[in-house]
Amino acid sequence: MAALARIGGRYLKSVGVTNASSSCFLTQRRGVATKLFVGGLSFYTTEQGLSEAFSQCGQVVEAQIVMDRVSDRSKGFGFVTFASDDDARKALMEFNGQQLNGRVIFVDYAKAKQTFGGGGGGLPIARGPPRPGEAAATTSEPFNIE
């Protein structure tokens with residue numbers, strides 16, 4: 001973390017910002033901390049309804065419900081982005097395990113989106129079990145079943 005702070009400070013100085021601290025640079029990069037994952041949503045919950053419910057805890061920047069491409073229905077989860085970490089923490093404590101539109105919802109900090117390498121769609125390729133001759137060729141010792 002200290003190395004990142006030094007690099008961030010050097011970057012800020014190189015672009016002409018001389019009076020800013022490097023922690024400012026890191027705080028700007030930590031946008032994930034203010035974004036909450038909300039699971040267990042009702043199919044009837046709208047983005048506006050989600051935003052209104054969570055705005056009780058602070059300023060909501062964005063409320064997003066993830067939709068299925070084929071059926072155009074909610075997948076039952078979404079994300080709420082808050083303007084500050086304190087508001088997000090308050091919403092996490094207040095809404096986790098509570099009911100919203102008749103369903104118990106689960107709230108947690110959002111994690112960075114993982115991308116899988118390989119083919120289209122971003123999913124790993126299922127290769128199936130190895131053929132009988134391939135398993136022995138990859139190991140240096142013979143495989144004995146007793």
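This is a predicted model: local features need pLDDT of at least 70, side-chain atom pairs count only at pLDDT 80 or more; totals for chains, interfaces and linings use all residues.

Reader: How do the rings of Phe37 and Phe77 sit?

Author: Their centres are 5.7 Å apart and the planes meet at 35°, so the pair is tilted. Phe37 belongs to strand β1 and Phe77 to strand β3, so the pair ties together parts that are 40 residues apart in sequence.

Reader: Which rings make up the cluster there?

Author: Phe37, Phe77 and Phe79, linked by ring pairs. Lys35 lies over the face of Phe79, 5.3 Å from the ring centre.

Reader: How do β1 and β3 run?

Author: Antiparallel, with 5 bridges joining β1 (residues 35-39) to β3 (residues 74-82). Strand β1 is also joined to β6 (residues 106-109) by 4 bridges, again antiparallel.

Reader: What stands opposite Val38?

Author: Gly78 in β3, and Val107 in β6.

Reader: Change of topic. How many aromatic pairs does the count come to?

Author: The count comes to 5. One of them is Phe54 with Phe95, where the centres are 4.3 Å apart and the planes are at 25°, so the pair is stacked.

Reader: Where do Phe54 and Phe95 lie?

Author: Phe54 is in helix α3 (residues 47-54) and Phe95 in helix α4 (residues 85-95), so this pair links distant parts of the chain, 41 residues apart.

Reader: Are Phe54 and Phe95 buried or exposed?

Author: Phe54 is buried, at 0% relative accessibility. Phe95 is buried too, with a relative accessible area of 8%.

Reader: Which charged end sits over the ring of Phe43?

Author: That of Arg73, 4.1 Å from the ring centre.

Reader: Now the whole protein. How many helices and strands?

Author: There are 5 helices and 6 strands. In sequence order the pattern is α-α-β-α-β-β-α-β-β-β-α.

Reader: What share of the residues is buried?

Author: Buried residues make up 27% of the 146. The protein exposes about 11000 Å², and carbon and sulfur atoms supply 54% of that.

Reader: And what share of the contacts comes from residues 24 or more positions apart?

Author: They account for 57% of the contacts with a separation of 6 or more.

Technical notes
Residues are numbered from 1 along each chain as its sequence is written. Side-chain values use heavy atoms; hydrogens and water are left out. Helices (H or I, at least four residues) and strands (E, at least two) are DSSP runs, numbered from the N terminus. Buried means under 20% relative accessible area, exposed over 50%, partly exposed in between (1.4 Å probe, protein chains only). Contact means heavy atoms within 4.5 Å. Accessible areas come from the Shrake-Rupley method with a 1.4 Å probe; for residues, only the protein chains shown count as cover. Two strands pair if DSSP finds at least two bridges between them. Rings of Phe, Tyr and Trp (its six-membered ring) pair if their centres lie within 6.5 Å; planes under 30 degrees apart count as stacked, over 60 as edge-to-face and the rest as tilted. A charge sits over a ring if NZ of Lys or CZ of Arg is within 6 Å of the ring centre and within 35 degrees of the ring normal.
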